[in-house]
Structure formats: structure tokens, C-alpha cells
Amino acid sequence: MTSKDELLSELSRCVLEMEDDDIADVAREYAKNGYKPLDGILNGLVDGMNKAAQLYEEEEYFIPELLICSDAMYNGLDVLRPLLSKTDFGNGHKIVIGVVQGDTHDIGKNLVKIMLESAGYELIDLGRDVPVENFVKAAKENNASVVGMSTLMSTSMNNMKLVIDSLAKEGIRDKVKVIIGGGPISKSFAHKIGADGYSRSAVEAVKLVNQLVGISA
Amino acid sequence: MLDTMTPLQRGTAIAKGESADRLPCNPNIANGVARIYGCKISEFNTDAKTLAKAQIASYRKFGYDSIRIFTDLFPWAEAMGSKVVKPDDNTVDLAEPAIKNIEEISNLMPADPYKDGRLPVQLDAMKYLVDEVGDEIGCSFGVVGPFTNAFFLFGVEKTLTSIRKNPEVVHRLCRVSMETVKAFVEAGIKIGLTPSISEPMSSCTVVSPKVFREFSLPYLKELVDFINSKGKGVIIHICGQTNKIWPDLEKLDIAGMSIDNVASIAECKKIMGHKTKILGNVDPGGIMYSGSPLDVRLKTLECIRDGYDSPKGYTVMSGCSLPVETSTENIKEMLDTVRDAEYPVNINKVESMIADCKKKMNQEDY
């Protein structure tokens, strides 16, 4: 029988080294041995994803690598997650996330989603080219703590402000933290439109959200 | 201070080392010209005359140095079968790639620039542009590089994943894109305009330098050589960080390198400046759209300070296309700042204007 630590480091390695075809077998072996699924997720899969994110920060990995790492992570999650009871994983905070209307690029948003999910948040992903009213509706319906918006197109930046204005009009602006990101977005732009935070990368987004909702990492 | 030369006179004089009224400047207004001309952006999809007239109206208003037919990144993929969304008054975006799985790749055919999608509209707009202003300003047209176009044929995430999992697919997508791009470029050059290449997916922010060298650079080189063989120079713009691929780009025979605001003019000048003109890189979102005229002035001056002595020339430009709603006040401020810097650039004056801006910002308690 392979030890728990060995399997954890194998899960982590499979994510980090993009073994998206092999990882499900490792996850199944881990589960078959009766080891705790939550540990497998946090100390195996998420650990590997964090290391991949670190390599991305160091410009060793780029977006193609991160995407395959996340494919591997999700393939592992597909095996381990059904074994969890609902309360095991997650910090109770919900985040509505999407790419604002006028932009159909969602790689950045997907990376942020992956990192936030691996940090224990529940994500409500509205996808891309999302109309203003859908952000507001989803935030209300899900009682979300955070609304995250991204865009790659400078031409669509203004829709972020419209979402913030609309949250205020609906009387829920003080209930949610608004974070924004994407190629043309900057701290000064976030300040200008009244967002609560901006982060430059998916890794920073986790730190930012932790800080805004009062969770210390 | 008013301009005393046309953009063409200015460019020619500077190239010959003669005196000129100011540095060249291109705020890169893109579809924002619709606001200045007073039309909807969607009219650019069907109405060649309006597309040209809006560009001309904006040029006449501000007096900048570059005028270009370019509406969005997707006309070439669209002409090859990808679907786009065309908002009533915003920029066109990709809705659905031409192929969904690898098996369909052999269905992809190069586009005919005279027939397919919006390409004929763009070619017609080029004719109006040259007829109206061709004797006073260098007219250009935009095209995406073959690597970038590949992503719009097969979908961005699928193509990114294929780079590792199925490299031959990416090469095939690039090759068929190359056919389309070459045909379009040839048609534009025949009308008398100069192409410029946008290659955003080549950015180090997206793919590694190694991937760039294997999948993008060979096609980019083929395209640049093709354009040069037709007697034209070409400017390349790549979004995001590009510092690690400058040594590769330096080896191409390009007329200009336009960089994003996250890259450094001073560093790019050191690596590429002896070979090609440098253009950039005032932040289009953080400064041009969100900033005050004073922010615009400071950043423009800092760009001039970093770039003015680049051996093959320097053009003040935004780091990428401006957001549609960028204020005319900020665009005007960019041009006025370039005028104030004089030509040849009075670097002492530029330094003291930078100091003045900073002092004012402190007083305004930024």
C-alpha cells in the first residue's frame, strides 16, 4: 500500500507537471486506500495548483501550462469531490464572477475562478459577455459576498462602472465587495469607478478576496 | 503651438534628419472615431465610406500622424467561418470559432479578401482613405498575425491547450491563416496602403518565448518578408509584456515596434532601437481613459524622455487602442504635450516639464 504522503505528493506532482490523463488513477488509488478526500484536495491537488501558480509568477509557466494544470486539478477533483460532505470544503463565501458585456475573452476570468475555488470559495460563474443586470441579479439571488468582473478589452471597461452603479441602485452595494481585473484595468481605474479592489493576477486575486472578506490565508 | 507640417512632410523630414515641427504622435483612437464623426460603430461593419470618413474626421480634429483602417481583431477569422457578435455601438467580438474539433480542420479554407465577410468593406474603406488624405498622411491598415488568427479559428482555450497536446494542429491553423492574411495584405498594398500587424497572442503575458519562437515567429517572419517583398515596411504591435522576445523581433526586418504600457520604452530602445523605430506606450486604460489631462501630460513626457533619442526614431503612441469613450480632452493633451516638447526634442525642457507636472500633482494632493 502506498503511503498517504506519497500519494499526496503524486497528486500535487500530477497537477504541477500537467499529467491530466494520469491524475484520475492516482486520485482513485488515494480514495481506495481510505485517506481523507479533503486532504487529497487541499494537500495534493490545490498544493500542485499553487506551485503551478508560483511558476507562472516566476515566468516559468505561461497560460497554456496553467490551463493544462487546471485540467489536471479538475480531473482529480471529479474523483475526490463526490466523496466529500458538503460542509467539508469551502469557507461559506460565494463569489459571482464573469466577463463584462462586450468581451468574450475569459481565460483570465477562468484562472481567477480556478484559484478562488481552490482557496475554498464557491464560485457562481456567469461566463463571458455578461449583461450588467445579470451580475446584479446573481449577486442578489446567491447572497454573494463578492462580485468579480474582468475584461480584456479597453472598449468594455465602462460596463464595470455600470454594474457598480446598478448594485448601488438596487441597494446592495454595501453587502458585496466588488473586485475587477483584466489587461487594461489598473488600480487607478478601480478607484475611479468605486470598485473595492483590483488585482494584477489570479494569485493576487485570492489574497485580495481573503482580505476583503476578512479571511487570513 | 500649431503644427506647420503635414504628417507626411514631418515623417519624411525626420527620416532624412532634417528639421521638423514636432515628434510624430499617434493616440491610436480606433473605434472611438465613431464618437468624433457621429456614427454608430456597427456602421463600420457594412459602410466603407463611413469607416473612412470617421477616421478622416478624427485625424482632422486632432492632427495626429497615423490613420488606419482597423476595426477589431476578427475580420479574417470571420471571413474563414468564425462567428462574431456585432453590437450596435461597440466593437465586434468573437462569438464562435470556425471549427469546434480537430477533425474539422481540413474544412478551413483561406478567405478571399474581395468576397468574404467584412474584408471587402475594409478594402473599399482603404480606397476612400487614400483618395481623401493619401497626399498628406501615411495611410495604413491593420491585420492580425497568423498565430493570433489561429486562436480565433479554433477557440482560444483549445488552441492554447493544443500548443502542448497537439502542436501540428496549431501549425496547420497558422498556415491556413497565413494564406488569408497574405491575400488581404496584398490587396491592401495594391490600393496603396501600408500594413501593420497586431499579434496579441504572441505576448509573453500569454505564451512563453519558447512557444513564440516555435509557433509564431516563423509565420511572422514569412509575413514580414512577404510585405517587404511588395515594397512596404511594416509596424508590429504586440500587447502585454514583450521584453523576452525583443531579441527575436529585432532580427525581423520591421519598420517599427509598437509596445504596450507594461513594457519599457527605455529597455526596448536598447535592444531594438538601432534597427527599428519604437512606438509607445502611454497607458490607454489607466491614463488616457481614467486619468486627468495632467496624468496624460506627465506620462507622455516620460515616454518622450525615454524614447526621443532612439536611433531609428520614436513615435509617441498609446500602449494599445484607446477605449471608445476616452475624452477628447485627454487625446488633445497628448498631442499638445508632444508639440511642447519641440523638435529636435528639447530634453532639458522635457525634464523641467516633468518636474512641473509632479509638483502640480503634489499640490493637487494626488
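I am working on a predicted model, where local features need pLDDT of at least 70, side-chain atom pairs count only at pLDDT 80 or more, and totals for chains, interfaces and linings use all residues. Residues are numbered from 1 along each chain as its sequence is written, chains are lettered from A, and ligands are numbered from 1, in the order in which they are written.

**Domains of chain A.** I looked up the domain assignment for chain A and found domain 1 (4-83) and domain 2 (94-213). Such bounds come from an automatic or database domain assignment. I then checked the spacing: the C-alpha centres of domain 1 and domain 2 of chain A are 26 Å apart.

**Domain contacts.** I counted residues in contact (C-beta atoms, placed from the backbone, within 7 Å). In chain A, 7 residues of domain 1 touch 8 residues of domain 2. On the domain 1 side, α3 (37-57) and α4 (63-80) of chain A each give two or more residues. Here I use DSSP runs, numbered from the N terminus: helices are H or I, at least four residues, and strands are E, at least two. α3(A) gives the largest share of that side, 4 residues. By class I noted 5 nonpolar, 1 polar and 1 charged on the domain 1 side. Nonpolar covers Ala, Val, Leu, Ile, Met, Phe, Trp, Tyr, Cys and Pro; charged covers Asp, Glu, Lys and Arg; the others, Gly among them, are polar.

**Chain B against chain A.** I found 32 residues of chain B in contact with 22 residues of chain A. On the chain B side, β4 (93-96), α7 (156-165) and α12 (284-289) each contribute two or more residues. α7(B) supplies the largest share, 6 residues. I sorted the chain B side into 16 nonpolar, 11 polar and 5 charged residues.

Conventions:
Two residues are in contact if their C-beta atoms, placed from the backbone, lie within 7 Å.
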